[in-house]
Amino acid sequence: MLGERAIVAGAGIGGLIAAGVLKDFFAEVVVLEKDALPPQPQQRKGVPQDGQIHVVLKGGDNAFEDVFPGFREALAAAGAAPLEFGKDIHAYEGGRVHSPRSTGIVVHSQTRPVFEFAIRSLLSRMQNVRLLDRTRLLAIQCDPNGAVSRVKFKRGDGEPEILEADLLIEALGRGGYTARWLDKDHGREVPFTELGIDLVYTSALLHRTPPWRGRNYGWIVRPSAPHDTKSGVLIPVEGDRWIMTLSGRFGEVPPEDPAGFMAYAGRLACTDLHDVAREAEFATPITSYRIPRMIWRHYDRVPDFPGRLIPLGDTIAGFNPLAAQGMSMAALQALALRDCLRDASRTGLDGAVGAYMAKAMAIAADAWSLGELIDFAYPQARGVRPDDLAQRLAERTAVFKLAAGDAEVRGLIFEVQNMLRPPSALQQPDLLARADALS
Ligand SMILES: Cc1cc2nc3c(=O)[nH]c(=O)nc-3n(C[C@H](O)[C@H](O)[C@H](O)COP(=O)(O)OP(=O)(O)OC[C@H]3O[C@@H](n4cnc5c(N)ncnc54)[C@H](O)[C@@H]3O)c2cc1C
């Protein structure tokens, strides 16, 4: 044991998996969550994005199974649909439909509330973890050396309380609580990179039509930059339903009325998805979520960053959800935290915290570098374009072209997109030479 108590602020995806990791290192792990956590899968206020599609990439899926053995079984029992990338998803990308091929990369598809509920249930079996819902973090307090030592919180309508902590994980989501706290209470600005993506997601659940009941198959239409700004996904989820998510950017907004929503699907670059779903009955209302920007907060560049404080998940970086990286990034950061804590007998807890920050930022950097290639392909995307952007975009186009006739390269792309390998795997000199020769 490295200490008496670790506190995790936020019971979203990052907070839950962080708690699953910490239980092996602290006598007690306390998770503070402001929402009332429902006793069944249900959308909730603190996660306003949870009505939208939430795909767990294979890198994340592996991490969740590692921390919560039985995770895949729990999802399957909740009715999640297994899907093999490449084989069970009809993919339109780069202006054409890709022929199906097996990749062996199987993930489960379900709504976000089912996913979160499954992890929460697995966490609730861990003896030394206490999950306090309706409990809002109010303040972080430091000792005279500038290390986090206590938090102030409030349960329901009760009086504020104080709890001491040997380690605090801040997993409060996109708003960047730590950055706001450092700015407001300590006058220290956290440097950040942002990229204006002006994206709107619009989703609904549909009852699968009779030919597709009990069948696990999905459709995805990815837009070709820079002219096409519309995309769509239709994938199976629990309850023999589909989730259909349409997105638009830079002023293109999918309508929220059923007729307009379906008509928008019919205007995608490939209409197969619309043709499959157009007769389906809506199981839920249609809801939208706007994502004006991606943001990456460089906590590692803050001089004298408070000790014993671990930001994790969206508080570090919030991405363009089209690449579906957010939950997997949080999960990989939780595994990085575990590695660092395992080393703490050598480095001490403070050393482990420092080592984590470097690893967490490297994970965010990999995810960001993939995401910015998608977004900066649009001239309307706002942000500082990296010097090597044109070269990386050209390399990406050439490698994707090579992949059209090369199953191995296509498999490699799937692995990178699933966060099983770093983006640098697509920049190996021999691969680029082969791609270059073809273009
Ligand atoms: C439209 C959209 C679609 C997405 N699709 C995907 C996808 O397909 N795949 C993917 O991997 N990711 C996707 N994401 C990203 C994903 O939602 C996030 O990456 C993920 O939820 C991050 O987890 P987190 O724990 O950092 O934050 P969250 O899951 O947002 O959790 C933060 C938690 O903190 C709680 N909280 C906030 N303030 C307080 C407080 N003061 N005290 C106590 N509790 C508090 C909240 O109630 C919440 O429970 C999508 C995001 C959006 C916006």
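Helices and strands are runs assigned by DSSP and numbered from the N terminus, a helix having at least four residues and a strand at least two. In this predicted model, the largest share of the shell around the ligand comes from α8, which gives four residues. The shell holds 36 residues, of which G12, G14, G46, G313 and G326 come nearest to the ligand. Two or more residues each are given by α1 (13-22), β8 (135-142), β16 (287-297) and α8 (326-342). By class, 17 residues of the shell are nonpolar, 14 are polar and five are charged.

The chain is assigned two domains, domain 1 (3-193 + 293-372) and domain 2 (389-438). Their centres, taken over C-alpha atoms, are separated by 29 Å.

Two packed helices are described by the angle between their axes and the distance between the axes. For α8 and α9, the angle is about 155° and the axes are 7 Å apart. Angles over 145 degrees count as roughly antiparallel, and α8 and α9 are therefore roughly antiparallel to each other. Their crossing is right-handed. Residues of α8 in this contact include M329, L332 and L341, while those of α9 include A344, Y356 and K359. The contact of α8 with α9 has 14 nonpolar residues, one polar and one charged.

Notes
Residues numbered from 1 in each chain as written. Predicted model: local features only at pLDDT ≥ 70, side-chain atom pairs only at ≥ 80, totals over all residues. Near = placed C-beta within 6 Å. Nonpolar A, V, L, I, M, F, W, Y, C, P; charged D, E, K, R; others polar. Domains from an automatic or database assignment. Axes fitted to C-alpha atoms, helices over the stretch in contact; angles between N-to-C directions. Parallel < 35°, antiparallel > 145°, perpendicular 65-115°, else oblique. Left-handed = near helix turned anticlockwise from the far one by under 90°. Contact = placed C-beta atoms within 7 Å.
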